[in-house]
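Morning, everyone. I'll take you through one model, starting with a helix pair. Have a look at it first.

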Amino acid sequence: MSRLDKVVAITGASSGIGAATAQELATRGAAVVLGARRTDRLDSLAARIRAEGGRAEILEVDVTRRADLEELVGLAVQRFGRLDVLVGNAGVARIAPMADLDVDDWGAMIDVNLRGVLHGIAAALPVFRRQGNGHFITTVSTSGLKIVPSQAVYAGTKNAVRTLLEALRQESTDGVLRTTSISPGFVRTELVDHIDDPGQREQVQHTMAALGIGPDAVARAIAFAIEQPDDVEIGDLTIRPARQG
Ligand code: NDP
C-alpha cells in the first residue's frame, strides 16, 4: 500500500468513528490532528499512534466554539505545514419523539452536528483556497436517508449537513475542493450511551450491540475517499451493516 502523505484534522476523535479514523489514517502514513473535549482520550490515542511511528497532535476542541476550529486548523498548518482534509465528525444523538419537547436536546444537536460542521468549514475553507486544494469529509447518517420516528431532529441536522456539502461542492467546481458525505448505519460506538431516557437508551444500545458494525469499517471508507486522486471526488458513501433494514 502506498503511503498516505496527507495532513488530516478530525473532530470527535476521542472515541468511536473519529478515533478509529485517526488510527487507520495514521497507520497509512497520514499526519493526524485530533480534536475533542476529552483530552485524556486524545492523549492516549496520540501516544499509541506515535508509539507505532505515526504522527499525531491533539487539541481540546468544542466544535460549538468557532475559535476552537480556527485553532485546530491553525495547529495543523503550524505543525505540519498544511491541512489536506478536515473530517467533521463530532456529533451527538438525542433520540426521542418530538412530542417530548426536549428543546435543549434539539439545540445541542443543532449546535454540535450542524453548527460544529459549519465552524469547521469556516476555519478550513480559506486555508484550502490558499493552498489550491482541500477535502471536507463529514459523517452524516443513514437516519437522514431512511426517516424513522424519534430521530427527527438528529436526522434533520444530518440532512442539513448533507445539503450544505452538496451546495459547497457546486460552488467549488474549479477543482480546488472535494466534499464527501459518509452515511453510516449502525456502528458500535458510545454515541447512544448519552441518551437520557433509560428505556430509549437500552433499546438502542441493544440494537447497536446486536447489529452494529465496528467503527474501523467507517474509517476504511473515509480512507478510501481520501486516497482517490485529487481529481476524483467520492461524493456520497453509505456504509451499513449488511443486516440493517
Ligand atoms: P461517539 O459518541 O463514540 O463519538 C462522538 C464524538 O464526538 C466524540 O469523540 C465526542 O468527543 C465528540 N463530540 C461530541 N460533542 C462534541 C463537541 N461539542 N465538541 C467536540 N467534540 C464533540 O459516537 P460515533 O463515533 O458513533 O459518532 C461519530 C459521528 O458519527 C457522529 O457525528 C455521529 O452522529 C455519526 N454517526 C454515528 C453512527 C453510529 O451508529 N454510531 C451512525 C451514523 C452516524 P468529546 O465528548 O470528547 O468531545
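**Helix pairs and loop residues**

Start with a contact: Arg 66, Leu 69, Glu 70, Val 73 and Val 77 in helix 3 meet Gly 116, His 119, Gly 120, Ala 122, Ala 123, Ala 124 and Val 127 in helix 4. Contact here means heavy atoms within 4.5 Å. By class, this contact of helix 3 with helix 4 has 7 nonpolar, 3 polar and 2 charged residues. Ala, Val, Leu, Ile, Met, Phe, Trp, Tyr, Cys and Pro count as nonpolar; Asp, Glu, Lys and Arg as charged; the others, Gly among them, as polar.

Two notes on the source. This is a predicted model, where local features need pLDDT of at least 70 and side-chain atom pairs count only at pLDDT 80 or more, while totals for chains, interfaces and linings use all residues. Residues are numbered from 1 along each chain as its sequence is written, and side-chain values use heavy atoms, with hydrogens and water left out.

Helices (H or I, at least four residues) and strands (E, at least two) are DSSP runs, numbered from the N terminus.

Now the geometry. Two packed helices are described by the angle between their axes and the distance between the axes. At what angle do the axes of helix 3 and helix 4 cross? Roughly 40°, and the axes of helix 3 (residues 66–80) and helix 4 (residues 103–131) come within 8 Å. That makes helix 3 oblique to helix 4. Axes are lines fitted to C-alpha atoms, for helices over the stretch in contact, with angles from 0 to 180 degrees between N-to-C directions. Under 35 degrees counts as roughly parallel, over 145 as roughly antiparallel, 65 to 115 as roughly perpendicular, and the rest as oblique. Helix 3 passes helix 4 in a right-handed crossing. Right-handed means the near helix is turned clockwise from the far one by less than a right angle; anticlockwise is left-handed.

Next pair. The axes of helix 1 and helix 7 (residues 215–227) come within 8 Å and cross at roughly 55°. Helix 1 and helix 7 are therefore oblique to each other. Their crossing is right-handed. On the helix 1 side, the contact is made by Gly 16, Ile 17, Ala 20, Thr 21, Glu 24 and Leu 25. Helix 7 brings Pro 215, Asp 216, Val 218, Ala 219, Arg 220, Ile 222, Ala 223 and Ile 226. The classes for helix 1 with helix 7: 9 nonpolar, 2 polar and 3 charged residues.

On to the loops. Arg 28 sits between helix 1 (16–27) and strand 2 (31–36). Is Arg 28 buried or exposed? Buried, because its relative accessible area is 14%, and buried means under 20%, exposed over 50%, partly exposed in between (1.4 Å probe, protein chains only). Its side chain makes a polar contact with the side chain of Glu 24 (2.7 Å). A polar contact is a pair of N or O atoms within 3.5 Å; within protein, one must be able to donate a hydrogen and the other to accept it, and residues adjacent in sequence count only if both atoms are side-chain atoms.

Two backbone points. Leu 101, in the loop between strand 4 (85–88) and helix 4, has a positive phi of about 50° although it is not a glycine. Leu 101 is exposed, at 58%. Ser 150 also has a positive phi, near 75°. Ser 150 lies in the loop between strand 5 (134–139) and helix 5 (152–170), and is partly exposed at 22%.
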